[in-house]
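Dear colleague,

I am handing over the structure below, and my notes on what was found in it follow directly after. Please read the two side by side.

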Amino acid sequence: MKKSFLLFTLCGFGGIIFLSACLKNSDAQPLEIFKVSTLFVSNAETTVNAKNLQLFKPADSTVLVPKFELNNGAQDANGVLFVASKKFLFQVSRAQKSIRLYTNASTLFEASLPNNIIIDSTLSSGREIAYDETNDALFVANNTDSTIRVYEKVSTLNGKYVGKKLKLSGEPWGITYDKKNNRLFVVMDKNALRIEIYNNPSGIEAGKVTASLRFFINGYKINGATARLHGIAYSSQRDMLFVTEIGNASGTNFDKDGGIYIIDKVSKITNNSSILANRAIYGSNTGLGNPVDIAIDDRNIKGFIYVAEKANKKILVFGFGDNGNVAPIRGYTSTFSPEAIDIDY
C-alpha cells in the first residue's frame, strides 16, 4: 500500500481561477487532492470458472461495487498484495501451491493473465503475504507447518521454486510488512492471541527463528475461550494496529462471532506484554462472523477499515474511530467467499 497526494491552493469564482487572491491570504491552507483508491479482493472459490480476483475502484465510493472481476485460475485464492511503487500484484493460490505475479497491475483488465507463476510444491497452505520492495523479497505465511516462506528476488522467479523456510513456534496467518521500520508483523492463529514482530526479516537465516518482540492481546477477548486471530494491518503514520478475530470457523454462530481489535501506540508495546485493545468492533450490528482479512486507508481525511468477511460473503467498511457494536459504514454482498484483501491509495 502506498499513498499519494498533491498539495496545492486554488481560489476560484464563476469558473475563473484567481491565483493572486490566494497568494494574498497568508492564512490559507493547502488542499489535499487524493489519489483514487483501489481495493483488491482475493476469493477462495475452487470452481473452474470462479472470479477469484476482484477490483473495486474507487474503494471509498458511497456505493461499493467491483469495477471488474478476473477468472485467473487461482483456485482457493488467498493472500493478495499490490505494490504501488513497482505496479506489482501478487496473489496466492492455496490449492495450486502457487504465487501469481502481475508485473504491470495498473493496466489490469478482465482478461489479464499473470506474467509469472511461481510453483512451490512444499507450500502446503499459503495464506497472507507481505513484500519487502528494497530487497525484492516476498513473505508467505504457511500455517500448517508453522513457517514463513521467503522468496528472494521474487520478481525474477517463474516456474518451480522452493522458498526459504523460517520456522515459528505457532501457526502464522496474517502478516504485514512495515517498510518505514523494516519489520514484519505476524499474527498467530489457534487461540494464541499473539502478535510477533521480526526486525530486518529479509536478513533472517533459514531455520528456527525467534521474534524480536511479541505481545498478547487480552482484555476484550471477543469470543471468550474461542479466539482465532487472522487478518492484520499496520499504520506507521498513526502507529496503529488492526487485527481481526474470526471466533469459530464453523458451527453455531460462526457467522456472528467475529470482531476487530484496534490498538494505538504500538511503538510503546514491550516484549512479552499483555495489552488491552483500545477499541474492539464486535456484536450483532457489525455483520462480522469470519473477518479473515483487513486493509486500511489511513490518510488524514479517510480513516477507513476494509474487511473481507468470509462467512457472510461480504466486504464491509468501518471507520478508524468505530468501537463496540456498530454497523458498517457501507458494504458489498458478494456471490464469492472473500479470503484476502488489499488496498492501493
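At 25% relative accessibility, S155 counts as partly exposed, a class that lies between buried (under 20% relative accessible area) and exposed (over 50%), with a 1.4 Å probe and protein chains only. Please keep in mind that this is a predicted model, in which local features need pLDDT of at least 70 and side-chain atom pairs count only at pLDDT 80 or more, while totals for chains, interfaces and linings use all residues. Residues are numbered from 1 along each chain as its sequence is written, and side-chain values use heavy atoms, with hydrogens and water left out.

S155 is found in the loop between β14 and β15 (159–160), where strands (E, at least two residues) are DSSP runs numbered from the N terminus. Leaving out residues up to four places away in sequence, S155 touches F88, L101, N116 and D136, contact meaning heavy atoms within 4.5 Å. S155 and L101 are 54 residues apart in sequence, yet their C-alpha atoms are 7.7 Å apart in space. With D136, the side chain of S155 makes a polar contact of 2.7 Å; the term stands for a pair of N or O atoms within 3.5 Å, of which, within protein, one must be able to donate a hydrogen and the other to accept it, and residues adjacent in sequence count only if both atoms are side-chain atoms.

**The sheet that includes β14**

Five strands form an open sheet of mixed pairing, in the order β12-β13-β14-β16-β20, two strands being paired if DSSP finds at least two bridges between them. At the edges stand β12 and β20 (207–208), each with a single partner strand, so one side of each is left without a neighbour in the sheet. Between β13 and β14 the pairing is antiparallel and runs over six bridges, and L138 stands opposite Y151 in β14.

**Salt bridges**

The structure holds 14 salt bridges, each a side-chain nitrogen of Lys or Arg within 4 Å of a carboxyl oxygen of Asp or Glu. One of them joins the side chains of R149 and D120 at 3.6 Å, N to O. R149 lies in strand β14 (residues 147–152) and D120 in the loop between β11 (116–119) and β12 (126–132), so the pair ties together parts that are 29 residues apart in sequence. Both R149 and D120 are buried, and D120, D145 and R149 are linked in a network of salt bridges.

Another salt bridge joins E152 and K164, with 3.2 Å from N to O; here E152 in strand β14 and K164 in strand β16 (residues 164–167) are twelve residues apart. E152 counts as partly exposed at 37% relative accessibility, whereas K164 is buried, with a relative accessible area of 17%.

**The largest nonpolar core**

The largest nonpolar core has 21 residues, of which I195, F215, L241, V243 and I263 touch the most other members; such a core is a set of buried Ala, Val, Leu, Ile, Met, Phe, Trp, Tyr and Cys residues joined through side-chain atoms within 4.5 Å. Among the elements that give two or more residues to this core are β19 (194–199), β21 (213–218) and β23 (240–245). Setting aside residues up to four places away in sequence, the contacts of I195 include F185, V187, F215, L241 and V243.

With best regards

Methods. Helices (H or I, at least four residues) and strands (E, at least two) are DSSP runs, numbered from the N terminus.
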